[in-house]
Amino acid sequence: MFSLISSPERYDGKFIKVRGYYFMFSPSQQFLYNSIEDHKGGVMKNSVWIYGLPDDVQIPKKYVEKVGKGPSLSRTTGSYVTIVGRFKREIIYKTSSMPTGVIEFLCMEKEI
């Protein structure tokens, strides 16, 4: 995660696997932070926005045991996870406190 945040241009458009602290504020506002401290401190520059990860997403079978029972990923909020997806530096919603980029979600593995 640190490498992604410090050099996002190296990963633009590439598929990545990254570990971080996942927190879902709402189905459209889901972020992966470098650490729990960055989340608690609201340090958005040390985060990436998770796009396309609705609460009712169907989890691939090989991840079900590690993520939990049922299809809801809301159970993983507030925990460290590994996410696989395609990284994009461009942010759709411009704000003064922006994440480093966007990960188009493919799958998530919760650490147990």
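In what order do the elements of the protein chain run from the N terminus on? The order is α-β-β-α-β-α-β-β, which amounts to three helices and five strands. Helices here are DSSP runs of H or I with at least four residues, strands are runs of E with at least two, and both are numbered from the N terminus.

Before I continue, a word on the basis of this talk. The model is predicted, so local features need pLDDT of at least 70 and side-chain atom pairs count only at pLDDT 80 or more, while totals for chains, interfaces and linings use all residues. Residues are numbered from 1 along each chain as its sequence is written, and side-chain values use heavy atoms, with hydrogens and water left out.

Let me begin with the chain as a whole. Of its 112 residues, 43% count as buried. Buried means under 20% relative accessible area, exposed means over 50%, and partly exposed lies in between, with a 1.4 Å probe and protein chains only. The chain exposes about 6,500 Å², of which carbon and sulfur atoms supply 53%; these areas come from the Shrake-Rupley method with a 1.4 Å probe, and for residues only the protein chains shown count as cover. As for contacts, meaning heavy atoms within 4.5 Å, consider those between residues at least 6 apart in sequence: 59% of them join residues at least 24 apart.

I turn now to the strands. Two strands pair if DSSP finds at least two bridges between them. Strands β1 and β2 pair in the antiparallel sense over five bridges, and they form a hairpin with two residues between them. On its other pairing, β2 joins β3, again in the antiparallel sense, over three bridges. Tyr 33 illustrates both pairings: Tyr 33 in β2 is the bridge partner of Tyr 21, and Ser 47 in β3 is the bridge partner of Tyr 33. Phe 31, in turn, stands opposite Trp 49 in β3.

Why is β2 described as largely enclosed by the rest of the structure? The reason is that four of the five residues of this strand, residues 29-33, are buried. Strand β3 is also largely enclosed, because four of its five residues are buried.

Next, the nonpolar cores. A nonpolar core is a set of buried Ala, Val, Leu, Ile, Met, Phe, Trp, Tyr and Cys residues joined through side-chain atoms within 4.5 Å. The largest has 16 residues, and those with the most contacts inside it are Leu 32, Val 48, Ile 83 and Ile 103. At least two residues of this core come from each of α1 (2-6), β1 (15-26), β3 (47-51), β4 (79-88) and β5 (102-110). Strand β1 gives the most, with four residues. Apart from this core lies another, of six residues, among them Tyr 21, Phe 31, Tyr 33 and Trp 49.

Aromatic rings form the next topic. A pair of such rings is described by the distance of the centres and the angle of the planes. Rings of Phe, Tyr and Trp (its six-membered ring) pair if their centres lie within 6.5 Å; planes under 30 degrees apart count as stacked, over 60 as edge-to-face, and the rest as tilted. The count comes to four aromatic pairs. In one of them, Phe 25 and Phe 31 are edge-to-face, at 6.0 Å centre to centre and with 70 degrees between the planes. Phe 31 is buried, at a relative accessible area of 10%, whereas Phe 25 counts as partly exposed, at 46%. Phe 23, Phe 25, Phe 31 and Tyr 33 form one aromatic cluster.

Ser 79 is found in strand β4 and is buried, with a relative accessible area of 13%. Beyond four places in sequence, Ser 79 touches Gly 20, Tyr 21, Tyr 22 and Lys 110.

Ser 35 is found in the loop between β2 and α2 (36-40), and at 13% relative accessibility Ser 35 also counts as buried. Leaving aside neighbours within four places in sequence, Ser 35 is in contact with Tyr 21 and Tyr 80.
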